[in-house]
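I opened this notebook to record, entry by entry, what I looked up in one structure.

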Amino acid sequence: TILYIEADSNCSVLHFTDGTKYLDTRTLGIYEEILNPDKFFRIHKSVIINLQHLAEYINDDGYFAVLKSGQRIAVARNRVQEFLAKIKSI
């Protein structure tokens, strides 16, 4: 199960719930198109998270999505309002 995906130049690194990683040559934009928008959300130009693994949202000296695994990932300021609307609709 994908936990989150982060951009790495023109590639993407998929982070799985079991702690493993996979480097793929597809860009984050391609993943944004093919993944279910009800389950995945692009919180930053370089990160897509799996909303099913979101534990909390923190607005503490910045905006952060905290995943159930403990990762704290920054949410871009220009995506905060859309992100908040998305998680309220879940």
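Predicted model: local features only at pLDDT ≥ 70, side-chain atom pairs only at ≥ 80, totals over all residues.

**Entry 1: a histidine in a strand**

Residues are numbered from 1 along each chain as its sequence is written, and side-chain values use heavy atoms, with hydrogens and water left out.

Is His15 buried or exposed? His15 counts as buried because its relative accessibility is 6%; buried means under 20% relative accessible area, exposed over 50%, and partly exposed in between, with a 1.4 Å probe and protein chains only.

I then listed what His15 touches, leaving out residues up to four places away in sequence, and wrote down Thr1, Ile2, Leu3, Tyr4, Glu6, Thr20 and Lys21 (contact means heavy atoms within 4.5 Å). With Glu6, the side chain of His15 makes a side-chain polar contact at 2.7 Å, that is, a pair of N or O atoms within 3.5 Å, of which, within protein, one must be able to donate a hydrogen and the other to accept it, and residues adjacent in sequence count only if both atoms are side-chain atoms.

**Entry 2: the strands around it**

I followed β2 to its partners, keeping in mind that two strands pair if DSSP finds at least two bridges between them. β1 and β2 run antiparallel and are joined by six bridges, with Ile5 having Leu14 as its bridge partner in β2. The two strands form a hairpin with two residues between them, and Ser9 in the turn has a positive phi of about 60°.

On to β3, residues 21-24, which pairs with β2 in the antiparallel sense over four bridges; here Leu14 stands opposite Tyr22. In this hairpin four residues lie between the strands, and Gly19 takes a positive phi near 95°.

**Entry 3: the cores**

I looked up the largest nonpolar core, which has 15 residues, and among those with the most contacts inside it are Tyr4, Ile43 and Ile73. Such a core is a set of buried Ala, Val, Leu, Ile, Met, Phe, Trp, Tyr and Cys residues joined through side-chain atoms within 4.5 Å. The largest share, three residues, comes from α2. A second, separate core of eight residues includes Ile2, Leu14, Leu28 and Tyr31.
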